[in-house]
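Here is a short note for a first look at this structure. Please keep the sequence and the model open while reading.

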Amino acid sequence: MLSGPPVSSTVDADQLLERFLTGSVRQRRSLLATLGQAGTALLDLIPDRLDHLDATGDDWAAGHLIQLVLASGDTARQEALQARHPQGWLAVTSVAGLDYAPLQLHLMRQAFEEADRLTSEHLRQLAGAGAVRRGYVYYSEVATMPVTDLTSLDRLWTCYSQGRFGFSAQARLLLACQGQWERLWPRLGWKTDGTWTRYPGAFRWSIDAPEGHMPLINQLRGVRLMDALLQHPAIQARLEEAAAGRPR
């Protein structure tokens with residue numbers, strides 16, 4: 001944990017921000033509470049610092065800083081940040097012609113329930129017209145989903161969840177459960193004492209939800225859809241990148 005007195009000057013705030021951005025994942029997590037208490041000196045530094053961070057990656061430090069500004073209650077700072085990044089800060093692309101800006105803006109504001117619903121809509125769109133008409137995706141439709149788009153969706157969830165949510169987070173947890181789905185569901189908070197969590201009211205639409213809690217994948221038709229998503233080359237590549245040491 002950060003020792004010493006509370007952050008009270010621009011110099012202190014700059015040092016704190018630098019420690020956060022350059023620290024390990026464990027060090028960053030230990031600084032989260034301190035960042036939240038740092039006040040306006042820190043908030044003033046964030047917009048310019050974002051311009052020097054890599055918007056083509058998925059390092060969640062930037063996402064957290066954005067959320068600090070938007071949760072600050074300071075209307076002027078919020079509006080200035082939104083004007084600077086009207087489509088969202090993270091650079092994402094779609095070969096399917098989808099617009100991921102609304103999803104990114106929901107995630108930036110920690111509107112996780114709305115983001116989850118929009119993610120489900122995007123998965124149907126990526127699966128094709130049949131999935132859009134019927135309102136759900138067949139597991140057999142996942143293989144043709146573009147790598148670029150699934151990567152974009154996962155990067156968005158990673159960036160704005162302190163690395164705790166997203167398909168790659170769920171795939172990592174499945175590996176930790178030795179591929180046993182019945183062990184995974186309680187880890188995700190999707191099942192308790194053998195009973196499925198009721199949608200939507202019983203799910204925790206907040207950053208302190210269990211790791212991998214979002215995005216939700218309907219299990220009423222079995223695990224094949226989620227298995228297909230987590231085994232998709234896009235998500236498997238993300239797992240390999242994380243294992244190679246990229247910040248997540």
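1. Buried means under 20% relative accessible area, exposed means over 50%, and partly exposed lies in between. The model is predicted.

2. Start with Asp74. This residue has a relative accessible area of 24%, so it counts as partly exposed. Asp74 forms a salt bridge with Arg77. Their closest N and O atoms are 2.3 Å apart.

3. Now look at Arg172 and Glu211. Their side chains meet in a salt bridge, at 2.8 Å from N to O. The pair links distant parts of the chain, 39 residues apart. Arg172 sits in helix H10 (residues 167-176). Glu211 lies in the loop between strand S2 (195-196) and helix H12 (224-230). Arg172 is partly exposed at 37% relative accessible area, and Glu211 is partly exposed at 27%.

4. Asp14 and Arg49 form a salt bridge, with the closest N and O atoms 2.8 Å apart. This pair also bridges distant parts of the chain: Asp14 is in helix H1 (residues 10-22), Arg49 in helix H3 (residues 40-50), 35 residues apart. Asp14 is partly exposed, at 31%. Arg49 has 19% relative accessibility, so it counts as buried.

5. How many salt bridges are there? The count comes to 15. A network of salt bridges links Asp58, Asp154, Arg238 and Glu241.

6. Last, helix H2 (residues 25-36). Its 12 residues reach 17 Å from first C-alpha to last, close to the expected 16 Å. Which residues of H2 are buried? They are Arg28, Leu31, Leu32, Thr34 and Leu35.

Notes:
Residues numbered from 1 in each chain as written. Predicted model: local features only at pLDDT ≥ 70, side-chain atom pairs only at ≥ 80, totals over all residues. Heavy atoms only, no water. Helix = DSSP H or I, 4+ residues; strand = E, 2+ residues; numbered from the N terminus. Expected span 1.5 Å × (residues − 1). Buried < 20%, exposed > 50% of the residue type's maximum accessible area, 1.4 Å probe, protein only. Salt bridge = Lys/Arg side-chain N within 4 Å of Asp/Glu carboxyl O.
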